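Hello,

Here is the structure for you to look through.

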Amino acid sequence: MNEFNAPRWNLDTLFSSIESDEYKLALENYKTGMDKLENLLKNSGRFNFSFWLKGFIDERDRVLATAQTLNAYAYIIYSVDTTNVAYLNNISQIDTLSLRLQKIELSFKSLLAKHAESLAEFFERFPEFKNRKFLLEESIRETKHQMSAKEENLAGDLQRTGGDAWSRLHEQIISTLKDESGKTFNELRNDAYSSDPVLRKASYEKELSLLEKNQIPLAACLNNIKGETVTLNKRRKWRTPIDRALSANRMNKETLNALIKAIEKSLPSWRKYFIAKAKFLKKHNLTASLAAEKGLPFYDLFAPLELSSPQENPLPQSENSSEESQTPKKESILTKKWTFDEAKNYIISRYASFSVHMGSFAQKAFEENWIDAEVRSGKVGGAYDEDFALGHQSRIMTNFTGTFSDVITLAHELGHAYHFSCMKGRTAVFFSYPMTLAETASTFAETIVKQDLLSKCTDEERLRLLDIDLQDTAQVLVDIICRYYFEKSVFAERAKSELTAQDFCRLMKQAQQKSYGKGLNPERHEYMWAVKSHYYSTGLDFYNFPYAFGQLFATALYSRYKKEGPGFAALYARILANTGSMSCEDLCRHAGFDITQVEFWQSGIEMFLQEIEEFISLASDKKD
């Protein structure tokens, strides 16, 4: 425990160590399970397909549960002790076994496709498997976009020295960039959150300079990765890159179009927010921008609204301000140092305010020491949730330092774990759900906490809280649609010719103008294509719109909860339980709403549009 009483987790109910008998037994079960699957595949022709498929699925379920658990365990023990050689070797061992399982899965999908006409008989003989209909049919559809086994294996081998190598080069360039004083590129990026306006601008200018100096290799990385994707997509019979991304996210184009249209309709409001923030920063000397335009400079997107002294507080008290807000200022919820116990009790109470089930889950997670929150050497930064099929439990890693954002992060990650808890009783095959739905429960949990805090703070705190919420959401909506525009134009042009750094800068400028518009002043960032690692992913194109989907899906659900009250909690739990077994459209249709309609997505945006109007009002001086 540290000064905040942040705990370490207890892993005993998983495995006591990688040297333990139970861990070695799990490894052995994993290997022998794959032996059985390989033998079943070799002998598939000797049996009636329906009976064979039942036997294969039963064994596959056991293997997938073990595989998922071992993969998760290997990562979490390494993540809190990254210099442990034994843990690194263990990850390598698990990765090797995973490659073997991937080959089994490919063979299974091909065999399933050959016997597609036998599925009706299978479901009739074994109706208990009807809930897998979507997943089995999805596996068959995926084979339509596979090359031959030899070609797929060759593509996989070449990718290690092709797209994956270009992706690693990008990581190596960015991770080793430093300014003249030795400050790393990531440290310069983090200065965007500094309260010092001069530092924000100076670091932004150094960042641009470093990227410009390295634009040739960075552009070569992106050009060749996208070129490889264009080639492989054509071979795999994907009509466009967006079709592949939609398939991976289990959604259709009609839904995507409705989502994009709803975001585009909201862009004028977001530009008003950026302009209002720019005006506030200029008025109180919190920006280093000299631009005459009203828009926000790029380096002020994350600028905190911190005043130098209480006497400079420009915020008028609203006429209906509570009596509490008129009294002498108490310690701000934004600046106070939270103990871990305070965060725990607060999150449990907020979860319980939504549903007893959700509150009880959070209490169990804390009481059973599922959370590793202590900051220490050798532990990775950030936060995550990992779920374990064996025993159906989760573990959460955070780095708790007592800040307000740490409380939000903890609520977010516990939301992921709650999502998994709602799937209890299902087999591991249902635990994989697309990116579009992966952030639903975590964003919903975050929203519960943020909305509660907004209801309890003073006007000054409220302005800052609104800004924090809006700047985060602006990244998920405005910047995400900017990335979507950019990547779409990159694929269109890359299919015709090679692209240079100047091409990428041109396309980024166009995307920023189309999304941010007059919300930004001329001090923009034309090299953002070199910064965002998602562009350099070989595994999934358009690693952007799923984030907007997740954000608005969660807030639309929250808006429905506010209308329906406590009774919504049961429906919400059922939605989470079904996220791994059907398409996004079917999941929502069963819950009673249609995500192919723009109106659904607008209901998720509405809460933020109201926040924008309130932010503008609070940020404006009475004299304006």
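Buried means under 20% relative accessible area, exposed over 50% and partly exposed in between, with a 1.4 Å probe and protein chains only. The model is predicted, so local features need pLDDT of at least 70 and side-chain atom pairs count only at pLDDT 80 or more, while totals for chains, interfaces and linings use all residues. Residues are numbered from 1 along each chain as its sequence is written, and side-chain values use heavy atoms, without hydrogens and water.

Rings: those of Phe, Tyr and Trp (its six-membered ring) pair if their centres lie within 6.5 Å; planes under 30 degrees apart count as stacked, over 60 as edge-to-face, the rest as tilted. That rule gives 47 aromatic pairs. One of them is Trp 52 with Phe 56, stacked at 5.0 Å centre to centre and 25° between the planes. Trp 52 is buried at 3% relative accessibility, and Phe 56 is buried at 0%. Tyr 484 and Tyr 485 have ring centres 6.2 Å apart and planes at 55°, so this pair is tilted. Both tyrosines, Tyr 484 and Tyr 485, are buried. Ring pairs also link Trp 270, Tyr 273, Phe 274, Tyr 516, Phe 608 and Phe 615 into a cluster.

Charges over rings: the criterion is NZ of Lys or CZ of Arg within 6 Å of the ring centre and within 35 degrees of the ring normal. Lys 514 lies over the face of Tyr 485, 4.2 Å from the ring centre. Lys 336 lies over the face of Trp 338, at 4.6 Å from the ring centre.

Regards
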